[in-house]
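Me: Hi! Could you walk me through this model, piece by piece?
Reply: Happy to, let's have a look together.

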Amino acid sequence: MSMEVRRFGGPRREMVGMLQRPDLPAEDGAALLLCKPFGQEAVRTNQMFQALANRLCREGCTVLRFDYHGSGDSPGEGADQTLEQWTGDTLLAWRELESCAAGAPLHLFGVGLGATLAARAALRASRPPGQVLLWEPVLEGRAYLSALLEAHRREVAREMQAPWARLRREGRVQEPTLPGSVIGFEMGAAMVREIESLDVQPMQALLARGLPLRCGVQPAQARALRAAGLPEPLLRPIEETIDWMSGDARGTAIVPREIQAFLLDGLPQRA
């Protein structure tokens, strides 16, 4: 396989991505855009995404993984970013992959907030994706923000080796707030407002448009999507949960078996 650093988006919203191609011509396999989650979840899934891209490439797929503007290796300030801008970034990455994929079927895959961004981008893509593959998309924005705050408390307490409540009583820490910094990453007011409004609507819209959709979901997410009208065959129950907000996931390079099966099922296989 070959690997190539790609820079795209222009001087105002430059992004950095890694394009991987199989040894076989691109038209012999699918092409996948991998969409990362936010903040520490992006950091802690980074090695998993690398391993996943390598596996997909060995299966004959062309793969592009990238950092949204203001995140990872891409320039820009994190606090200045918005969900709408990152959706646009995902569309720019989609076009970059399309230009490199030589007519191969294009698919989208995302984890966490990256899954939500993939769903939003799929609704606006000029070339409809072959499949939209979402792993634990954010379906309740306020609950997701609360989870970020709780993860911040938990990880700081772990680092300082003391319960959060005691750290607060002793005045050694301050309560995290949004907008603000959570687990070392800034989230601005505009992003917070947009995330607060997130619900199942993008998934409903994908279904209404007839776009091929599959979701890897926890039980509560499955109930919400069933209530929103998504049929059972589109929902894949997640059996082994990984908390990507937790320091326990730091450096994980093993691609969970469930994610591998979720992605490889139905994708063209290399001969």
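Reply: Strand 5 (residues 106-111) and strand 6 run parallel, joined by 5 bridges. Two strands pair if DSSP finds at least two bridges between them, and helices (H or I, at least four residues) and strands (E, at least two) are DSSP runs, numbered from the N terminus.

Me: Which residue of strand 6 is the bridge partner of Gly110?
Reply: Leu134 is the bridge partner of Gly110.

Me: Before we go on, what sort of model is this, and how are things counted?
Reply: This is a predicted model, where local features need pLDDT of at least 70, side-chain atom pairs count only at pLDDT 80 or more, and totals for chains, interfaces and linings use all residues. Residues are numbered from 1 along each chain as its sequence is written, and side-chain values use heavy atoms, with hydrogens and water left out.

Me: Thanks! How many residues of strand 6 are buried?
Reply: In strand 6 (residues 131-135), 5 of its 5 residues are buried. Buried means under 20% relative accessible area, exposed over 50%, and partly exposed in between (1.4 Å probe, protein chains only).

Me: And which way do they point?
Reply: Gln131, Leu133 and Trp135 point one way, while Val132 and Leu134 point the other way. In a regular strand the side chains alternate between the two faces of the sheet.

Me: What does Glu4 touch?
Reply: Glu4 belongs to strand 1. Setting aside neighbours within four places in sequence, Glu4 is in contact (heavy atoms within 4.5 Å) with Gly17, Met18, Leu19 and Arg21. The C-alpha atoms of Glu4 and Met18 are separated by 5.7 Å, although these residues are 14 apart along the chain.

Me: Is Glu4 buried, exposed or partly exposed?
Reply: Glu4 counts as partly exposed, at 34% relative accessibility.

Me: What is phi for Gln161 and for Ile183?
Reply: Phi of Gln161 is near 55°, a positive value in a residue other than glycine. Ile183 is not a glycine either, and its positive phi is about 50°. Gln161 lies in the loop between helix 4 (141-160) and helix 5, and Ile183 in the loop between strand 7 and strand 8 (185-187).

Me: Are those two buried or exposed?
Reply: Gln161 is exposed, with a relative accessible area of 72%, whereas Ile183 is buried at 12%.

Me: Zooming out, how many helices and strands does the protein have?
Reply: The protein has 9 helices and 10 strands. Its radius of gyration is 18 Å, close to the 18 Å that the globule rule gives for 271 residues, so it is as compact as a globular protein of that length. That radius is taken over C-alpha atoms, and the rule is 2.2 Å times the number of residues to the power 0.38.

Me: And what share of the residues is buried?
Reply: Of the 271 residues, 55% count as buried.
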